[in-house]
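User: I would like a close look at one part of this model, the pocket region and the sheets around it. Please work through it in one connected account.

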Amino acid sequence: MNASINKFALAATLALSFSSVAVQAQTATSLAPAPLLTAVEQKLAEGPAGSRIGMLVATLDGEVLVSIAPDQRFIPASNTKMFTTAIAYTELPLLQRTAKGTGVQLETVADGEVDVVLHGRGDAMLSSADNCQTDCLQTLADAVAAKTGHVRNIVGDDSWFPDERWSPGMSWNNIQSRYGTGVSALTLDDNELVVKLAPGAVGAAPSVQASGYYEIENRVVTVAGKEDAIDASRMPNSRLLRLTGTVGAEVAPMTLRYGIDDPAHYAAWRFGELLRARGVHIEGDITVRHRPLTAADDPEKRRGAPAILPLEPAMLAELPAPSLAENMVRINKESQNLHTELMLRRVARHAGSGSIADGQAVMHRVMTGAGLSEAGYHFADGSGMSSYNRLSPRAAVGLLGWITRQPWGAAWRETLPIAGRDGTLQNRFKGTILEGRLFAKTGSLNASRALSGYLVTRSGKTLVFSALANDMPEDTDGQATAAVDRALVAIAEAL
């Protein structure tokens with residue numbers, strides 16, 4: 001990194017608002033030179049008409065440089081992940097010590113028959129890929145095959161968490177996508193169905209290959225050219241995936257990924273495939289065990305009583321718990337939604353039952369300790385996919401400043417994308433003064449864009465910033481992003 005982070009205290013004294021493309025000052029006192037403020041206002045005014053933009057930029061010791069609508073509340077999209085990973089870092093050593101990997105149990109049932117029960121414990125990294133090296137479902141299949149050659153049912157048990165596959169405020173149209181896949185304590189292969197599609201002859205359907213878990217209705221037509229316009233539709237809890245649209249004959253083979261609504265069932269189904277490949281005869285069905293969400297999963301309704309968790313049986317075999325610190329890097333660098341939701345539920349289970357409500361209670365406790373006002377944030381999920389989430393630039397900068405004072409602050413900052421270098425910032429700020437000198441979490445949702453983190457100026461100062469944009473007209477999100485980027489570059493060049 002280009003600069004070290006020392007300390008931060010937040011103050012704010014300027015508020016601006018946007019009307020069409022004009023930026024009008026409402027109050028103004030700032031430590032930034034007047035020409036810089038004018039330049040920032042001009043850059044942001046280049047954003048699409050009708051947008052709302054909030055920005056707060058400050059030094060590490062609390063000097064406010066730019067403050068634009070700092071207390072307005074915005075849909076933060078994946079800036080939510082900053083908060084989820086921060087509360088996980090506050091208890092990371094304890095979370096890691098108590099973490100468990102996926103396990104498998106042989107359960108004796110009627111007439112001496114045996115069911116195989118696959119127990120999920122919130123592991124986001126479990127894989128059944130052919131080239132899997134660690135955290136492999138194949139390891140558990142080997143253990144079962146070594147013990148018995150005949151089983152009745154394959155059961156996917158995700159009762160480690162209550163059954164909350166989607167958070168409040170999740171848009172229904174995102175559920176079928178990989179970004180809105182179901183959340184479950186029993187997670188395999190990122191809960192994504194992989195479809196490989198290759199164009200055919202012009203006028204013919206392309207070839208489609210998948211695992212067989214979904215029935216695929218292929219209505220795509222191959223056309224001339226190099227463009228593709230493929231749409232996918234699937235009703236919630238259906239395993240019929242309909243593909244429509246066109247694909248150019250000159251398009252290279254494509255890999256498409258779609259969400260899975262019942263991850264525990266998919267994991268059990270895939271486990272059955274692996275057992276059959278090892279010669280195990282499966283007589284029965286693929287079934288699941290969910291733990292229904294109840295009032296007891298809400299800490300307010302428990303009124304201080306401890307959460308009652310299901311007892312765990314002895315396991316035939318279990319995988320080591322994965323590294324939560326490594327997973328935190330993937331969460332923030334790639335903006336991985338599912339893994340963030342599982343991280344929130346890990347925190348929630350340590351504090352209670354593993355529910356979203358228990359996670360929200362931890363969030364409130366930690367953020368209150370960090371000095372953030374309740375008015376500055378509200379989260380209905382851990383990843384930012386919920387349209388109910390709200391965040392102010394002041395709260396985002398307050399979080400980022402507080403993180404710099406934590407013993408794990410430097411490690412957390414290393415999880416952020418680096419401008420022009422990696423993650424979701426790989427293609428932004430290239431060729432500018434901020435390439436390799438801005439470390440920030442991105443956010444992208446319908447009519448919402450966010451960028452919050454740290455930047456290093458021309459003179460070597462490290463600044464903390466948050467820029468949140470909402471309500472852009474359709475297909476103008478890129479304009480808002482570009483306007484924010486130009487404003488940040490202007491700040492870095494001037495200071």
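The account starts with the pockets and then turns to the sheets and helices.

Analyst: This is a predicted model, in which local features need pLDDT of at least 70 and side-chain atom pairs count only at pLDDT 80 or more, while totals for chains, interfaces and linings use all residues. Residues are numbered from 1 along each chain as its sequence is written, and side-chain values use heavy atoms, with hydrogens and water left out.

Rolling a probe the size of a water molecule over the atoms shows where empty space is left. Here the search runs on a 1 Å grid over the protein atoms alone: a cavity is a set of points where a 1.4 Å probe fits but cannot get out, and a pocket is an open set with protein on both sides within 12 Å along at least five of seven lines; lining residues have an atom within 4 Å of a point. Grid points are joined across faces, edges and corners, and a volume is the space filled by probe spheres set on the points.

The largest pocket holds about 700 Å³ of space. Its lining counts 34 residues, and Ser 78, Tyr 179, Ser 335, Asn 337 and Ser 444 are the closest to the centre. Two or more lining residues come from each of α7 (324–334), α8 (337–351), β21 (438–445), β22 (448–456), β23 (462–470) and α12 (477–494). These labels follow DSSP runs, numbered from the N terminus: helices are H or I with at least four residues, strands are E with at least two. By class, the lining of the largest pocket has 12 nonpolar, 15 polar and 7 charged residues. In this scheme Ala, Val, Leu, Ile, Met, Phe, Trp, Tyr, Cys and Pro are nonpolar, Asp, Glu, Lys and Arg are charged, and the others, Gly among them, are polar.

Strands β21, β22 and β23, listed above for the lining, also belong to an open sheet of 5 strands in the order β4-β3-β23-β22-β21, with antiparallel pairing. Two strands pair if DSSP finds at least two bridges between them. At the edges stand β4 (64–68) and β21; each has a single partner strand, so one side of each is left without a neighbour in the sheet. On average, neighbouring strands of this sheet are turned by 5 degrees against each other, direction ignored. Angles run from 0 to 180 degrees between N-to-C directions, with axes as lines fitted to C-alpha atoms, for helices over the stretch in contact. The antiparallel pairing of β21 with β22 spans 8 bridges, and Ala 440 has Gly 453 of β22 opposite. At the β3 and β4 end, helix α1 (residues 34–45) lies across β3 (52–59) and β4, at about 35 degrees to β4; contact here means heavy atoms within 4.5 Å.

The second largest pocket has a volume of about 560 Å³. Among its 20 lining residues, Ser 128, Ala 129, Asp 189, Val 194 and Tyr 266 lie nearest the centre. Both β9 (192–198) and α5 (263–277) supply at least two residues of this lining, and α5 gives the largest share, 4 residues. The lining of the second largest pocket divides into 9 nonpolar, 3 polar and 8 charged residues.

β5 and β6 form a hairpin with 5 residues between them, and Asp 111 in the turn has a positive phi of about 60 degrees. β5 also pairs antiparallel with β18 (residues 317–318) over 2 bridges, where Val 104 has Ala 317 as bridge partner.

The largest cavity has a volume of about 90 Å³. It is lined by 15 residues, with Met 170, Thr 181, Val 183, Glu 341 and Ser 383 nearest its centre. The lining of the largest cavity is made up of 6 nonpolar, 5 polar and 4 charged residues.
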